[in-house]
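Subject: Structure handover

Hi,

Here is the structure for your files. My notes follow below it.

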Amino acid sequence: MTDDDPATSTDIDDGLVDAIAYEIARLTKLRDRTNAQISALTGGEIEPAAFSILFQLIHGGPKRSGALAEALYSDASTISRQVASLVKRGLIERRADPADGRASVLDVTPAGRTVAAQIRARRNDSLRDMLTDWPPGEREVFSRLLHRFVDGYEGTRQRMLADIAAHKDLKSYYEPAESNS
């Protein structure tokens with residue numbers, strides 16, 4: 001097998017998988033802590049998770065709340081709370097759904113687009129700072145591989161959740177599979 005050959009899941013060394021899992025957990029914790037600190041420093045004025053709503057609506061167009069929750073892999077109650085905050089601040093608005101006037105869709109206001117542009121500029125400056133010492137080719141490879149990794153995670157997610165759901169007691173989920181030998 002060469003470096004270009006796709007590996008089966010059993011061909012990948014546990015140490016390498018552990019190292020990747022560790023870095024993902026580390027990044028997740030760093031990001032969660034940073035977001036909490038941003039929220040605390042701004043007295044809750046900036047809730048980074050809520051701003052993903054702005055970007056989703058800017059890139060995907062107006063959406064119903066349920067579709068927004070689905071697109072952001074979030075639950076309806078979280079989206080509802082974040083939407084209420086963004087509406088109150090005038091960053092998004094509710095409008096009649098053109099397909100069904102009885103329902104409403106959420107859309108970004110001009111003020112929301114301005115705020116999103118400011119957030120994007122700050123985020124991009126931070127990422128540029130992180131990547132400034134990387135050779136350009138490595139930046140491009142990282143972008144491609146990260147995209148591929150996230151796509152893989154998204155594709156594996158449903159199977160992972162179904163596997164856990166199949167083990168209602170969870171004890172059987174953590175026990176080693178029985179061997180037929």
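Glu23 is partly exposed, because its relative accessibility is 38%. The classes use a 1.4 Å probe on protein chains only: buried is under 20% relative accessible area, exposed is over 50%, and partly exposed is in between. Glu23 pairs with Arg26 in a salt bridge, 2.7 Å from N to O. The term stands for a side-chain nitrogen of Lys or Arg within 4 Å of a carboxyl oxygen of Asp or Glu. Arg26 is also partly exposed, at 43% relative accessibility.

Some ground rules. This is a predicted model, where local features need pLDDT of at least 70 and side-chain atom pairs count only at pLDDT 80 or more, while totals for chains, interfaces and linings use all residues. Residues are numbered from 1 along each chain as its sequence is written, and side-chain values use heavy atoms, with hydrogens and water left out. Helices (H or I, at least four residues) and strands (E, at least two) are DSSP runs, numbered from the N terminus.

More on salt bridges. The count comes to six. Asp97 meets Arg64 in one of them, at 2.7 Å from N to O. Asp97 is in strand β1 (residues 92-97) and Arg64 is in the loop between α2 and α3, so this pair ties together parts 33 residues apart in sequence. Asp97 is buried, with a relative accessible area of 10%. Arg64 is partly exposed, at 36%.

Asp107 forms a salt bridge with Arg95, where the closest N and O atoms are 2.5 Å apart. This pair links distant parts of the chain: Asp107 lies in strand β2 and Arg95 in strand β1, 12 residues apart. Asp107 counts as buried at 10% relative accessibility, and Arg95 as partly exposed at 35%. Through shared partners, salt bridges also join Arg64, Asp97, Asp100 and Arg102 into one network.

Next, the core. The largest nonpolar core has 17 residues. Such a core is a set of buried Ala, Val, Leu, Ile, Met, Phe, Trp, Tyr and Cys residues joined through side-chain atoms within 4.5 Å. Ile53, Leu54 and Ile92 have the most contacts inside this core. Two or more residues come from each of α2 (48-60), α3 (65-71), α4 (76-88), β2 (100-108) and α5 (110-131). α2 gives the most, with six residues. Leaving aside neighbours within four places in sequence, Leu54 is in contact (heavy atoms within 4.5 Å) with Leu91, Ile92, Val108, Gly112, Val115 and Ala116.

Now helix geometry. Expected span is 1.5 Å times one less than the number of residues. Helix α1 (residues 14-41) has 28 residues and should span 40 Å; its end C-alpha atoms are 40 Å apart, which agrees. Asp13 caps the N-terminal end of α1, with a side-chain oxygen 2.9 Å from the backbone nitrogen of Gly15. Gly43 follows α1 and has a positive phi, near 60°.

Helix α6 (residues 136-165) has 30 residues and should span 44 Å; its end C-alpha atoms are 43 Å apart, which agrees. α6 has a kink of about 35° centred on Thr156. The bend at a residue is the angle between axes fitted to the seven residues ending there and the seven starting there.

Which residue has a positive phi although it is not a glycine? Tyr73 does, at about 55°. Most residues other than glycine have a negative phi. Tyr73 lies in the loop between α3 and α4. At 49% relative accessibility, Tyr73 counts as partly exposed.

Best wishes

Terms used: Polar contact = N/O pair within 3.5 Å; in protein donor to acceptor, adjacent residues only side chain to side chain.
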